Structure formats: structure tokens, C-alpha cells
Amino acid sequence: MNFDQVSSLIQLLTFAALAIWAVRSAMRRSLVWLYWLIFGAFTCFVLGNAFWILHISIAGDWPSGFSCADLSYIGFYCFLLSAQTGIIHGWTSGQRQAAEETRSLALIAPAVVILFHAVYYFVAGGLFSNIVYGAVLSVFSYYTCWAFLAGLRARVMFPLFSFHAVIIVALVLALLVFLVSSFGWDNVYYALSFAGMIVLCTLPRFTKDVTA
């Protein structure tokens with residue numbers, strides 16, 4: 001088993017543990033829908049890594065082009081997006097007022113994501129995967145950035161601000177992972193992947209604040 005397989009296996013086991021946490025929390029806490037959506041996100045990530053490990057074991061290399069792993073990773077973002085929008089719909093009137101003042105500014109995030117994928121396409125190719133990831137991550141980054149900026153505008157650390165802050169850091173790390181993979185910087189790739197995993201491991205702490 002090479003280092004890439006070991007790295008993917010560690011992430012698989014970590015996110016499997018987070019998925020189990022989400023299920024157990026759904027049975028004991030309020031906002032059950034939020035935990036089930038987070039469970040769906042972590043489960044998608046586990047499935048993506050499982051495919052990744054199997055492909056490397058059988059073919060001896062990373063999947064080329066758009067693969068089943070990519071479908072699972074996109075599912076991860078879609079489930080988290082659903083969780084985010086659900087939290088946003090539950091904002092109080094004061095939070096909504098702060099959010100409306102930052103809504104236009106949040107458009108910076110999808111613009112950066114689109115620019116990133118345009119650059120990534122010219123560096124590494126893959127038109128279809130860049131269009132799909134670019135579309136999903138543009139919407140995902142918009143809602144993440146919107147909630148983050150709303151928290152800053154309100155000048156209070158209300159729970160959703162911390163929740164979205166964790167996700168926005170994980171998103172930035174994920175984009176960097178995309179970029180360094182095209183240059184073959186394996187050590188940086190693994191370091192950023194583990195950093196993203198560690199950041200998402202803090203999500204249970206802030207999810208408890210959202211549902212308190």
C-alpha cells in the first residue's frame with residue numbers, strides 16, 4: 001500500500017467516524033434535518049475515497065478525467081450546501097438585515113471560484129470536470145461567503161458564523177488541493193488534504209452551537 005492509499009484510507013476512516021457522529025447526534029439533538037444532511041455529506045466523501053483507493057489498488061494510478069469519485073465529492077458539497085441554506089432560512093430578523101447588506105459583496109466568492117477553474121483548465125485541462133465543479137462550487141462558495149460576511153457585519157459571533165467560517169476555510173484548502181495536484185507537488189498536496197480534513201473535524205463543535 002503506497003502513501004496515497006494510506007492518506008486516502010486515513011481520510012476515509014476519519015469521515016466515516018464523522019458520519020457516525022452525525023447519525024448519533026440526529027437521534028439526540030434538535031434540527032435533525034441538519035445532522036442528516038451532514039451525514040449525507042460525510043458519507044459521500046467516504047464513498048469517493050473508497051473508489052479512489054480501489055482505483056489506485058487496481059489500476060496503480062489516480063483516476064483520469066471525471067470519475068465516480070468526483071460524483072461522490074460533488075455530492076459532499078451538495079449536501080453541505082443544503083445544510084447551509086437550511087441554516088440561512090432559519091436566521092432571525094436581525095441576522096437577515098445584516099445578511100441583506102452583504103449579499104452583493106458575497107458575489108466575490110463565486111467570481112474567484114470561476115476564475116480559479118478557468119486557470120486550472122488552462123493548466124491541467126479537463127473542460128467537463130471544471131465546468132461541473134465550477135458550477136457547484138460557485139453556488140456553494142456564494143452561500144458560504146454570504147453567511148460569513150453577514151457574521152462580520154453583525155459584529156457578533158452568532159453560531160452560524162463559526163459554522164460557515166469552518167466551511168469557507170475547508171473550501172479554500174480544497175481549491176488549493178486542486179491547484180497543486182496539477183503541478184505534481186505531492187508533499188504539498190498531502191499536507192493540504194490533511195489540513196482540510198483537520199478543519200472539517202472541528203465541524204461537530206460548531207454544529208452543536210447551531211443546534212443549541
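## Exercises on rings, a salt bridge and a pocket

At 23% relative accessibility, Tyr 143 counts as partly exposed, because that label covers values between buried (under 20% relative accessible area) and exposed (over 50%), with a 1.4 Å probe and protein chains only. Here we work with a predicted model, where local features need pLDDT of at least 70, side-chain atom pairs count only at pLDDT 80 or more, and totals for chains, interfaces and linings use all residues. Residues are numbered from 1 along each chain as its sequence is written, and side-chain values use heavy atoms, leaving out hydrogens and water.

**Exercise 1.** Decide whether Trp 146 is buried or exposed.

*Solution.* Take its relative accessibility, 5%. With that value, Trp 146 counts as buried.

**Exercise 2.** Classify the ring pairs that Trp 146 makes with Tyr 142 and with Tyr 143.

*Solution.* Step 1: recall the rule. Rings of Phe, Tyr and Trp (its six-membered ring) pair if their centres lie within 6.5 Å; planes under 30 degrees apart are stacked, over 60 edge-to-face, and the rest tilted. The whole structure has 18 aromatic pairs.

Step 2: for Tyr 142 and Trp 146, the centres are 6.0 Å apart and the planes meet at 25°, so this pair is stacked. Both residues lie in helix α6, four residues apart, about one turn of the helix; helices here are DSSP runs (H or I, at least four residues), numbered from the N terminus.

Step 3: for Tyr 143 and Trp 146, the centres are 6.1 Å apart with planes at 50°, so the pair is tilted. These two are three residues apart in α6, which also makes about one helical turn.

**Exercise 3.** Find which residues form the salt bridge, and how far apart their closest N and O atoms are.

*Solution.* Look for a side-chain nitrogen of Lys or Arg within 4 Å of a carboxyl oxygen of Asp or Glu. The structure holds one such bridge. Glu 100 and Arg 103 form it, with the closest N and O atoms 3.4 Å apart. Arg 103 is partly exposed, because its relative accessibility is 34%.

**Exercise 4.** Work out which helix gives the largest share of the lining of the largest pocket.

*Solution.* Step 1: a pocket is an open set of points on a 1 Å grid over the protein atoms alone, with protein on both sides within 12 Å along at least five of seven lines; lining residues have an atom within 4 Å of a point.

Step 2: among the 41 lining residues, the closest to the centre are Trp 52, Tyr 73, Val 177, Phe 178 and Tyr 189.

Step 3: α7 supplies the largest share, nine residues.

Technical notes
1 Å grid on protein atoms, 1.4 Å probe; cavity = no way out; pocket = protein on both sides within 12 Å on 5 of 7 lines; lining within 4 Å.
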